[in-house]
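Okay, everyone, let's get going.

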Amino acid sequence: MAEPPHRPSASVPTGSERRRIVFLGPPGAGKGTQAVGIARAHAIAHLSTGDLLREAVRRRTPLGAEANRYMNEGQLVPDALVLRLLQERMTAPDCRNGFLLDGFPRNAAQAEALEAIASIDRVIFFEIPESVLVERLTARRRCPKCGTLYNLVSRPPKRPGRCDLDGEELAHRPDDNEPTARARLRVYLEETLPLLEYYRRRGLLVGIDASGSLEAVEARIERALR
Ligand code: AMP
């Protein structure tokens, strides 16, 4: 990877300015859950490439059909496909105030592509013991209607199998089974983890302890964003 340009700390915007945040961390670390609340609190768009891809799969677009093969195996979808979806999404009006990227970038090529299209002001790294991740992923459930995330162990719905907010039947993501979850972790360690060094060298990285209650983790993220 090329040496980063010098970036004076004065270029980091304060809270009232436009924010461009990246959440970096392994699958199952709680990025998606936290992204919803943090994006809302800062009035910025929550951009999850996983959600964009799942939506393309659901709508049976050609891109979705191609992406699905990789997602079912826990592999990364080719960069060009993900970038196309993301760049299109970034033109939406809700991105005017800034955005929070959840699940992107996932490798060095994506980080470099991102640098060419947007200037990131903070990268939050979710630190969590690897041993709890597979367990968390396989216990994860999601409301297909409103997107609320649950965990059968740490954050179960009030009524078994039903969303607290709209009563919809909760879904288990097909790639949250144990073999695929392990494949996703392997891909993370090989391709995504090296981005820590990439962002550390640019002075953008802040690590947070991602274990504990939802509220505790949220408070740590808010502190890291100041
Ligand atoms: P996620 O919802 O972030 O856990 O992503 C689910 C799956 O979507 C991943 O296992 C990949 O197959 C695919 N995916 C999501 N984001 C990306 C990305 N930035 N680059 C490549 N593939 C991705």
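So, start at the ligand: helix H2, residues 49-58, gives the most to the shell around it, with four residues. Quick housekeeping: helices here are DSSP runs of H or I with at least four residues, strands are runs of E with at least two, and both are numbered from the N terminus. This is a predicted model, where local features need pLDDT of at least 70, side-chain atom pairs count only at pLDDT 80 or more, and totals for chains, interfaces and linings use all residues. Residues are numbered from 1 along each chain as its sequence is written, and side-chain values use heavy atoms, with hydrogens and water left out.

Back to the ligand. There are 16 residues around it, and Thr49, Arg54, Gln75, Gly103 and Gln110 come nearest; near means a heavy atom within 4 Å. The shell divides into six nonpolar, five polar and five charged residues, with Ala, Val, Leu, Ile, Met, Phe, Trp, Tyr, Cys and Pro as nonpolar, Asp, Glu, Lys and Arg as charged, and the others, Gly among them, as polar.

Arg106 puts a polar side-chain atom 3.1 Å from a ligand oxygen. Taken alone the ligand exposes 480 Å², and the protein buries 95% of that (Shrake-Rupley areas, 1.4 Å probe).

Now the sheet. It's open, five strands, in the order S2-S3-S1-S4-S7, with parallel pairing; a pair needs at least two DSSP bridges. S2 (45-48) and S7 (205-209) are at the edges with a single partner strand each, so one side of each has no neighbour in the sheet. S1 (19-24) and S3 (98-102) pair over five bridges, and Ile21 stands opposite Leu100 in S3.

Most residues other than glycine have a negative phi, and most peptide bonds are trans. Ala43, in the loop between H1 (31-41) and S2, has a positive phi of about 55°. And the peptide bond from Phe104 to Pro105 is cis, omega near 0°, with Pro105 in the loop between S3 and H5 (108-117).

Notes
Polar contact = N/O pair within 3.5 Å; in protein donor to acceptor, adjacent residues only side chain to side chain.
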